[in-house]
Amino acid sequence: MAKSFEGAIFDVDGVLVDSPHERAWKDSLRELMETEWADIRDRTTWSDDRFTPQVYQQVMSGKPRAAGALAALEYFEVPDAKARVELYGAHKQDMVIKLIEAGEFEAYPDALRFVLAVKAAGIPTAAASSSKNAGLFLRQIRLDTFAAQNGLSHDFVTPGLSLLDSFDADISGRDFAHGKPHPEIFLTGAAELGVAPEDCFVVEDAASGIEAAKAGRMSALGVARADDEALLAAARADLVVTSLDEIDVAALGRHVLAGRAS
């Protein structure tokens, strides 16, 4: 009989939280193009309409701040892109902090149900986001309130329990030598859970994250929240779903990522 998965590693932005990162990246670039960078705007391929959710997902999502900034600037053929990364990244960070503090984000209910179900199955969990803002989201999300409102009863859900508190390990926002698609962040998560990489599954919404999981010899569960099932499948996800409610939790006990039978 196959043994259970022994670790579950969750990306944060786009998996657990509908975060304002995409909005902050887009709005801060528009502000720069309308102010400090107005003189070079016509030499780029940028327009506000061209900064679509698909561009964010395919070009920037899952990358550390500097890498994401550079990727966007290069995508829009901004002159002297490397010299502009620091300003763009700082501008975006100021904006995203303001949005987070204003509560301009939501947790995905299907993700919270899945986290609770995975923990109830006895599988240790870790949060592993490239974003240094992940903790700001996770500590504001109350799992005890969510469980009560949804009639979910678990012994481990104690009064005041936040989503951050529920994880057995949190390695989000650390300065790793390599960003995704390198597997360093996920290998560190497995190590901190004390679990062999091949006994972990990773939950990701970005192709670079799926590639990182597979490079680390882990199973990869893709959550297609931006009509990008094909992109995640092409990155070799073991299973792609549009909602984590679709997962057969019992199959995790057999070391299998599978959808529920319809």
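Mentor: Start with a cut-off: buried means under 20% relative accessible area, exposed means over 50%, and partly exposed lies in between. Keep in mind that this is a predicted model.

Trainee: What makes Arg225 count as partly exposed?

Mentor: Its relative accessibility is 25%.

Trainee: Why does Asp110 count as buried?

Mentor: Asp110 has 7% relative accessibility. Buried means under 20%. Therefore Asp110 counts as buried.

Trainee: How do you know that Arg225 forms a salt bridge with Asp110?

Mentor: The closest N and O atoms are 3.1 Å apart. The cut-off is within 4 Å, from a side-chain nitrogen of Lys or Arg to a carboxyl oxygen of Asp or Glu. The pair therefore passes.

Trainee: Where do the two partners sit in the chain?

Mentor: The pair links distant parts of the chain, 115 residues apart. Arg225 is in the loop between strand E7 (219-223) and helix H11 (229-234). Asp110 is in helix H5 (residues 109-120).

Trainee: What makes Arg23 and Asp27 a salt bridge?

Mentor: Their closest N and O atoms are 3.7 Å apart. The limit is within 4 Å, so the pair counts. Both residues lie in helix H1, four residues apart, about one turn of the helix.

Trainee: Are Arg23 and Asp27 buried or partly exposed?

Mentor: Arg23 has 43% relative accessibility, so Arg23 counts as partly exposed. Asp27 has 16%, so Asp27 counts as buried.

Trainee: How do you know that Asp144 forms a salt bridge with Arg142?

Mentor: The closest N and O atoms are 2.8 Å apart. That is within 4 Å. Asp144 is buried because its relative accessibility is 14%. Arg142, with a relative accessible area of 42%, is partly exposed.

Trainee: Which residues are joined into one network?

Mentor: Arg23, Asp27, Arg30, Asp48 and Glu104, through salt bridges that share partners. The whole structure has 16 salt bridges.

Trainee: Which residues of H3 are buried?

Mentor: Gly68, Ala69, Ala71, Ala72 and Leu73. The buried residues of H3 pack against helix H1 (21-34), helix H2 (53-60) and H4.

Trainee: What makes H1 roughly perpendicular to H2?

Mentor: They pack at an angle of about 100°, with axes 11 Å apart. Roughly perpendicular means 65 to 115 degrees, so the term applies to H1 and H2. His21, Glu22 and Trp25 of H1 meet Pro53, Tyr56 and Met60 of H2. These divide into four nonpolar, one polar and one charged.

Terms used: Residues are numbered from 1 along each chain as its sequence is written. This is a predicted model: local features need pLDDT of at least 70, side-chain atom pairs count only at pLDDT 80 or more; totals for chains, interfaces and linings use all residues. Side-chain values use heavy atoms; hydrogens and water are left out. Buried means under 20% relative accessible area, exposed over 50%, partly exposed in between (1.4 Å probe, protein chains only). Helices (H or I, at least four residues) and strands (E, at least two) are DSSP runs, numbered from the N terminus. Contact means heavy atoms within 4.5 Å. Axes are lines fitted to C-alpha atoms, for helices over the stretch in contact, and angles run from 0 to 180 degrees between N-to-C directions. Angles under 35 degrees count as roughly parallel, over 145 as roughly antiparallel, 65 to 115 as roughly perpendicular and the rest as oblique. Ala, Val, Leu, Ile, Met, Phe, Trp, Tyr, Cys and Pro count as nonpolar, Asp, Glu, Lys and Arg as charged, and the others, Gly among them, as polar.
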